[in-house]
Amino acid sequence: MYDMLIKGGTVIDPSQGIDAVQEVAITAGKVAAVEASINESLAKEVIDAKGLIVTPGLIDMHVHAYPGVCCYGLEPDVTNIARGVTTAMDCGSAGARTFPAFRQYFIERAETRLYALLNISTMGIISSKIGELVDMRWADVGETAAAGRLNRDIVLGVKVRLSSDVVAMDDKLDALKRGIEAAESFGGIVMIHVGDKETPLETLTTHLRPGDVVTHAFRQWGGVASAHRDVVAELREARGLGIIFDVGHGAGSCSFDTVETALANDFQPDTISSDVSTISVEGPVFDLVTTMSKFLHYGMELYDVVRCTTQAPAKVMGLGEGLGTLRPGANGDVTILSLDEGVFTFTDAEGNTTRALKKLNPVATIKDGRLYRPWLR
Ligand SMILES: [Zn+2]
């Protein structure tokens, strides 16, 4: 007997190469079977997903989920599990000194499965007016390393924000090196946030290690696009060496111009994340599925968009075999989406708009076998 059966939907699970109408059975919080046909008399609860898309629980690799402390933080569940995201990674809202309360009062209480990158600044991001690295004494390798080791079940690495509003020009490389040193001490990844005209991205990526992540890579300037409407050659090489190029849309960091240039030059994002925050949740970002819809609109296949929000981030985050997949035995995390047709206006971080004819919307989310069904009929 299965606890739950999701019937009739189009299953897209790049981890198994599936893109077909299939049925998904869940038992005891785990995926039990994915097959062409499963008898519904074998299930206690049947969910009709006819006409809908069924994917592994979506993973948003860039969120801010520490409201009240991080100036960009949002209530974790409102923008994640209620919007189709079962697993999310907070990117540097907390540093070593502010992480204990983040863990106790948010991460351990959220319905969304939350992981985190520690900010190399031990205070984390508490003000949009005063960057967390304007005084480099906050960039404490020892404290960050210790907090990372102590919380290794949740802390996946270190975040270093390298734009000029956060850190002085002369301190950038030092901040990055400290972030790498701290992450290395507990075997974590490093994610850099980029975004200014002064520091070309290719000068920063030379310091990264395979598996490290550049977020905001598709921004207007300081991203992957060159002035000649191509992808910067050094960044192609960096990708070849294993550097990950993430979207991290956010209020200021995704331009349709760059997305078009990158896709036209065969440079899809490795991972699609929202960076949804207090300053972008009411637009232009809204949520992860809207960000996914933008890449769909600019020509990515739905299968690839799903890969960039399931299998790919699970691998980058080092989550093992249980997440980002519907393989039998994996966590019972499923997202049910509709691909709605109509006329939708999408806005990028520069204020440019485009009219799209399709948009993904979340219908229901299942995490560890539990159903959250805000829009299920
Ligand atoms: Zn962010």
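The legends below describe close-up views of a predicted model.

**Figure 1**
The domain assignment of the protein gives two parts, domain 1 (2–55 + 328–372) and domain 2 (58–320). A distance of 26 Å separates the C-alpha centres of domain 1 and domain 2. To the contact between them, domain 1 gives 33 residues and domain 2 gives 33 residues.

**Figure 1. The open sheet of 4 strands.**
The strands of this open sheet follow the order β5-β4-β1-β6, and their pairing is mixed. At the edges are β5 (30–35) and β6 (43–48), each of which pairs on one side only. Ignoring direction, neighbouring strands in this sheet are turned against each other by 20 degrees on average.

Strand β4 (residues 23–27) pairs with β5 in the antiparallel sense, over 5 bridges. In this pair, alanine 25 has alanine 33 of β5 as its bridge partner. Alanine 25 of β4 is also the bridge partner of leucine 5. The strands β1 and β4 run antiparallel and are joined by 3 bridges. With β6, strand β1 (residues 2–7) pairs in the parallel sense over 5 bridges. Here tyrosine 2 stands opposite alanine 43 of β6.

**Figure 2. The open sheet of 6 strands.**
This second view shows an open sheet with the strand order β3-β2-β7-β15-β16-β17 and mixed pairing. Because β3 (18–21) and β17 (370–372) stand at the edges with a single partner strand each, one side of each has no neighbour in the sheet. From one strand to the next, the twist averages 30 degrees. Helix α8 packs on the sheet and touches β15 (334–347) and β16 (353–367). The direction of α8 makes about 135 degrees with that of β16.

**Figure 3. Pairing of β2 with β3.**
Strand β2 (residues 10–13) and β3 are paired in the antiparallel sense over 4 bridges. Valine 11 has alanine 20 of β3 opposite. In this sheet, β3 is one of the edge strands.

**Figure 4. The loop between α7 and α8.**
Most residues other than glycine have a negative phi, and most peptide bonds are trans. The loop shown here holds an exception to each. Aspartate 275 is found in the loop between α7 and α8. The phi of aspartate 275 is near 50 degrees, a positive value in a residue other than glycine. Proline 284 lies in the loop between α7 (256–264) and α8 (288–297) as well. The peptide bond that joins glycine 283 and proline 284 is cis, with an omega of about 5 degrees.

**Figure 5. The largest pocket.**
The volume of the largest pocket is about 390 Å³. Its lining consists of 26 residues, of which Tyr72, Arg161, Asp165, His193 and Ile279 are the closest to the centre. Divided by class, the lining holds 13 polar, 7 nonpolar and 6 charged residues.

**Figure 6. The second largest pocket.**
A volume of about 230 Å³ is found for the second largest pocket. Among the 13 residues of its lining, Ile244, Asp270, Arg307, Ala312 and Val316 are the closest to the centre. Helix α10 (residues 311–317) provides the largest share of this lining, with 4 residues. The lining has 5 nonpolar, 4 polar and 4 charged residues.

Rolling a probe the size of a water molecule over the atoms shows where empty space is left. The structure holds 1 cavity of 30 Å³ or more. The volume of the largest cavity is about 30 Å³. Its lining is made up of Leu162, Lys172, Val194, Gly195, Asp196, Thr199, Leu201, Leu204 and Gly222. By class, 4 of these residues are nonpolar, 3 are polar and 2 are charged.

How values were computed: Residues are numbered from 1 along each chain as its sequence is written. This is a predicted model: local features need pLDDT of at least 70, side-chain atom pairs count only at pLDDT 80 or more; totals for chains, interfaces and linings use all residues. Side-chain values use heavy atoms; hydrogens and water are left out. On a 1 Å grid over the protein atoms alone, a cavity is a set of points where a 1.4 Å probe fits but cannot get out, and a pocket is an open set with protein on both sides within 12 Å along at least five of seven lines; lining residues have an atom within 4 Å of a point. Grid points are joined across faces, edges and corners, and a volume is the space filled by probe spheres set on the points. Ala, Val, Leu, Ile, Met, Phe, Trp, Tyr, Cys and Pro count as nonpolar, Asp, Glu, Lys and Arg as charged, and the others, Gly among them, as polar. Helices (H or I, at least four residues) and strands (E, at least two) are DSSP runs, numbered from the N terminus. Two strands pair if DSSP finds at least two bridges between them. Axes are lines fitted to C-alpha atoms, for helices over the stretch in contact, and angles run from 0 to 180 degrees between N-to-C directions. Domain bounds come from an automatic or database domain assignment. Contact means heavy atoms within 4.5 Å.
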